[in-house]
Amino acid sequence: MLRQRRGTAIAMTEEERDVFLRTQSVCRVATIGPGGAPHASALWFAWDGTALWLNSLTRSQRWTDLSRDARLSVIVDEGGADFLRLRGVELSGRARIVGEAPRTGEPVEELREPERLFADKYANGEFRYDGRHGWLRLLPDKIVSWDFSKIAR
């Protein structure tokens with residue numbers, strides 16, 4: 001994985017980053033659309049400490065884009081009007097489809113943990129298969145983070 005080259009003074013530690021990614025609820029996913037145009041969308045996700053797992057509609061522009069070009073950039077951020085409260089993580093790499101698509105619940109060992117994490121985070125511990133979503137795994141090539149509260153320290 002590529003190391004963060006700039007902004008290291010405000011970068012999150014690995015532990016801070018993991019806590020942040022496990023507790024935030026929405027990410028912004030950027031794919032490469034037809035003709036190279038970017039396409040961005042918001043999505044729920046799970047972080048297992050190594051990979052970002054996206055539960056995506058298989059009939060979405062995002063899924064179509066990633067089927068054509070697997071390159072992906074994802075931002076998870078928070079903040080507001082106060083500049084020193086801005087924090088975030090950008091992850092980039094290539095997405096890979098895991099399991100059947102759409103997902104119907106066929107046992108897939110690799111999906112056991114992401115589905116548990118996702119269910120705990122969003123559905124009171126119960127993951128539901130709707131036959132419309134599939135799993136995308138992003139094992140990042142590069143992770144960049146920022147926590148502007150570190151500027152004041």
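Visitor: What makes the contact of E110 and R96 a salt bridge?

Guide: In this predicted model, the side chains of E110 and R96 meet at 2.7 Å, N to O, and because the criterion asks for a side-chain nitrogen of Lys or Arg within 4 Å of a carboxyl oxygen of Asp or Glu, the pair qualifies. It links distant parts of the chain, with E110 in the loop between β6 and α3 and R96 in strand β6, 14 residues apart. Salt bridges that share partners also join R96, E110 and R137 into one network.

Visitor: Why is E110 called partly exposed?

Guide: E110 has 34% relative accessibility, and since buried means under 20% and exposed over 50%, that value falls in between. The label also applies to R96, at 39%.

Visitor: What are R68 and D65 called, buried or partly exposed?

Guide: D65 stands at 0% relative accessibility and therefore counts as buried, the limit being under 20%, whereas R68, with a relative accessible area of 48%, is partly exposed. Their side chains meet in a salt bridge of 2.8 Å, N to O, and both residues lie in helix α2 (residues 61–68), 3 residues apart, about one turn of the helix.

Methods. Residues numbered from 1 in each chain as written. Predicted model: local features only at pLDDT ≥ 70, side-chain atom pairs only at ≥ 80, totals over all residues. Heavy atoms only, no water. Helix = DSSP H or I, 4+ residues; strand = E, 2+ residues; numbered from the N terminus. Buried < 20%, exposed > 50% of the residue type's maximum accessible area, 1.4 Å probe, protein only.
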